[in-house]
Amino acid sequence: MARNTGVSLLLQELAENGRLSRDNFAELIGRRQEARTEAAELAVRIQQRKSGKQVFRRALIECTNYCRNNCSYCGIRCTNRNVSRYRLPAEEILACCGKAFRLGFRTFVLQGGEDAAFSPDAVAGLARTIKARFPECALTLSLGEQESSVYRLWKEAGADRYLLRHESANPEHYRFLHAEDKPERTAEARKACLEALKACGYQTGSGFMTGSPGQTAEHLAEDLLFLADLQPEMAGIGPFIPHPQTPFAAYPQGSAELTTFLLSVVRILLPDALIPATTALATIAPDGREQGILSGANVVMPNISPENAKRNYEIYQGKISEGAESAEGLAVLRERIQNIGYVLSDGRGDFSATERQDAEPANRRKICTM
Ligand code: 5AD
């Protein structure tokens, strides 16, 4: 089939330069029906050149659903009184790590709300214990916005990676998503955290939801430019899914179609990045995980939290945590990945940079946070 020259050129430019202008990104997004097949083919080629047909796995532990924030999209926002709040004691988190280790996981992801009980020292102590007990494993933290000194403390305690989606690079859209939150929660503050994480030496993950309320193609273009500037080692992209006990209850969910297209674009933009086929994508489409991988993702993150934690960590409605999404379903997950011609890796799946062939070796530009 003849390629559409316009979008082909844009994809080519993206692959060569690692970025497009804001207008060209927006145009590509607008013309995604024409571009999607070629984008997915290119993304998969780039991904396979890097790490073959491997899919890396991370054991997700949802350690607390207490949160001081009030994000308008999130089910565990602090003003949602219908949430049964929990925090896992350190022993239980360690038991989860043990179970994950026996199942062959070599990365643990501790994810939670911004919970004061997970104090800087408590998390540092936990990180030290995990790294002492499982020295060959990577530890990823995803515990929200913290002072730079806290990020440094946790890094020194042994944490290797940190996930913090930027959510929206556009300041007005970011405020719209966090309108009922403290005024100091801004896109700039978020970006500054990501810069701090990078400066500490974390493998840093950023990302955003697709189809979030108020989001436009121009906002998404800004998100992509932000990723091109930040050069995160990981990027998480999943559809917005409304939660009934939030101000965004009545908004429509994001689509698998937009999500998979953006996964391909982000893969072309960040050839070496670790990109998950997210649970949110698997929640809105029965074959979402497979679709994600076939669009350029190379990570899966099954949930190994205890049952009561899984039940109450409902950031959006209907979040799946059974079957291939769980520790128990590992065999199913492995089989599903094999069925699309990939293999579930037993490695840690650390980031490694491939030198670019072209002009500038480091694509990264300093992000202005002023
Ligand atoms: N739908 C989809 N993703 C959500 N997240 C939070 N709430 C929702 C929702 N309603 C995402 C955010 C956050 C990540 C942990 O989950 O992007 O960074």
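In this predicted model, F134 counts as buried, because its relative accessibility of 9% falls under 20%. F101, by contrast, has a relative accessible area of 23% and is partly exposed. The two residues form a tilted aromatic pair, with 5.6 Å from centre to centre and 40° between the planes.

**Aromatic pairs**

- The pair of F101 and F134 links distant parts of the chain, since F101 belongs to helix α4 (residues 90-102), while F134 lies in the loop between α5 (120-133) and β4 (138-142), 33 residues apart from F101.
- The rings of F240 and F248 have their centres 6.3 Å apart and their planes at 85°, which is over 60, so this pair counts as edge-to-face.
- Both partners are buried, F240 with a relative accessible area of 0% and F248 at 4% relative accessibility.
- F240 and F248 also belong to one aromatic cluster together with F176 and Y251, and the count of aromatic pairs comes to 8.

**Charges over rings**

- The charged end of R57 sits over the ring of F105, at 4.9 Å from the ring centre, and the charged end of K155 sits over the ring of Y202, at 5.9 Å from its centre.

**The ligand and its surroundings**

- F240 is also one of the residues around the ligand, among them C74, E167, M209 and P239, and this shell divides into 8 nonpolar, no polar and 2 charged residues.
- A polar side-chain atom of R165 lies 2.9 Å from an oxygen atom of the ligand, whereas a backbone N or O atom of I241 lies 2.7 Å from a ligand nitrogen atom.
- Taken alone, the ligand exposes 410 Å², of which the protein buries 87%.

Note on methods:
Residues are numbered from 1 along each chain as its sequence is written. This is a predicted model: local features need pLDDT of at least 70, side-chain atom pairs count only at pLDDT 80 or more; totals for chains, interfaces and linings use all residues. Side-chain values use heavy atoms; hydrogens and water are left out. A residue is near a molecule or strand if one of its heavy atoms lies within 4 Å of it. A polar contact is a pair of N or O atoms within 3.5 Å; within protein, one must be able to donate a hydrogen and the other to accept it, and residues adjacent in sequence count only if both atoms are side-chain atoms. Accessible areas come from the Shrake-Rupley method with a 1.4 Å probe; for residues, only the protein chains shown count as cover. Ala, Val, Leu, Ile, Met, Phe, Trp, Tyr, Cys and Pro count as nonpolar, Asp, Glu, Lys and Arg as charged, and the others, Gly among them, as polar. Rings of Phe, Tyr and Trp (its six-membered ring) pair if their centres lie within 6.5 Å; planes under 30 degrees apart count as stacked, over 60 as edge-to-face and the rest as tilted. Helices (H or I, at least four residues) and strands (E, at least two) are DSSP runs, numbered from the N terminus. Buried means under 20% relative accessible area, exposed over 50%, partly exposed in between (1.4 Å probe, protein chains only). A charge sits over a ring if NZ of Lys or CZ of Arg is within 6 Å of the ring centre and within 35 degrees of the ring normal.
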